[in-house]
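Good morning. Please look at the model on the screen while I talk.

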Amino acid sequence: MQLDRALDAYLRHVTIERGLAEHTLAAYRRDLGGYLAWLGEQGIDDTEAITPDVVAAFAAERASAEPPPAASSLARLQSSVRGWHRFLAREGVAVADPSARLRPPKQPRRLPKALTIDQVERLLAAPSADEPIGIRDRALLELLYATGARVSEAISLDVDDLAHGDVLRLRGKGSKERIVPVGSFARAAVDAYLTRVRPALASSGRASAKLFLGARGAPLSRQSAWLIIRAAAERAQITAEISPHTLRHSFATHLLQGGADVRVVQELLGHASVATTQIYTHVSVDTLRDVYVTAHPRAR
């Protein structure tokens, strides 16, 4: 099968069957588009001509590029290539999977960076409660910290998702749903936004069921949400590294520091494996050290 047709078939599959988010699909298109361009440079225009040696050569060339790619970027690229080839083999387009022997690069273990409770409180208080946009921003920040939601999950919320009082339905990766509690502070902030701000925002644009709206009434974008987080950090004079996942990391870390079971945190975060959640247990080393020094008779 021609490469372009094979790629289109795979992208339709992951769009319809797996329900991936748009930014994930964009990453697949970008990664596989680069792979197909490289295959074209090698004179390969049909899937039957792709052998294990061809796949290995592509991976080796990308790994030795200058400047060196991040291990996470290289792993994602290889994952995209493997997923495409597995699909072609499963559908009978290819006799075998030429990427079967491809092994992802070993990634350095990076601990998630969490804010302290004091920093989180300053961040949440940063948006002005006297301005409509500030009320919206505070509602978004409170909700992110209260639920551990990804930014993409928060901006995908519909108003009806809040219909169950003190719990919230989140749609995560692969359209998997989970129910998480919403604390009183977040609920109050969201209620203030819904009653005092959202009606005016909604009237300035096309009707939308999305919970969080921009100044012109359109659904809030991921980029806008990230800018809200960064602006709040600047107002709160937080110099720690901030990312779109900062409040999610802080949510998990503070729950574990407060004594929550790691499997409960796994469910709240929507992780498929508890191993993914356990990385947060290493963040609390300072807390363990403080307890040890305080409690052990011969620790000092």
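This is a predicted model: local features need pLDDT of at least 70, side-chain atom pairs count only at pLDDT 80 or more; totals for chains, interfaces and linings use all residues.

Residues are numbered from 1 along each chain as its sequence is written, and side-chain values use heavy atoms, with hydrogens and water left out.

First, the helices, which are DSSP runs of H or I with at least four residues, numbered from the N terminus. The axes of helix 5 (residues 117-125) and helix 11 (residues 246-257) come within 11 Å and cross at roughly 140°. Axes here are lines fitted to C-alpha atoms over the stretch in contact, and angles run from 0 to 180 degrees between N-to-C directions. Contact, meaning heavy atoms within 4.5 Å, is made by Ile117, Val120 and Leu123 of helix 5 and by Leu247, Ser250 and His254 of helix 11.

Now the salt bridges: a side-chain nitrogen of Lys or Arg within 4 Å of a carboxyl oxygen of Asp or Glu. The structure holds 11 of these salt bridges. In one, glutamate 153 pairs with arginine 150, their closest N and O atoms being 2.4 Å apart. Both glutamate 153 and arginine 150 are buried, where buried means under 20% relative accessible area, exposed over 50% and partly exposed in between, with a 1.4 Å probe and protein chains only.

Arginine 169 and aspartate 161 also form a salt bridge, at 2.8 Å from N to O. Aspartate 161 is buried at 2%, while arginine 169 is partly exposed at 22%. A network of salt bridges links Asp161, Arg169, Arg171 and Glu177.

Note on methods
Helices (H or I, at least four residues) and strands (E, at least two) are DSSP runs, numbered from the N terminus.
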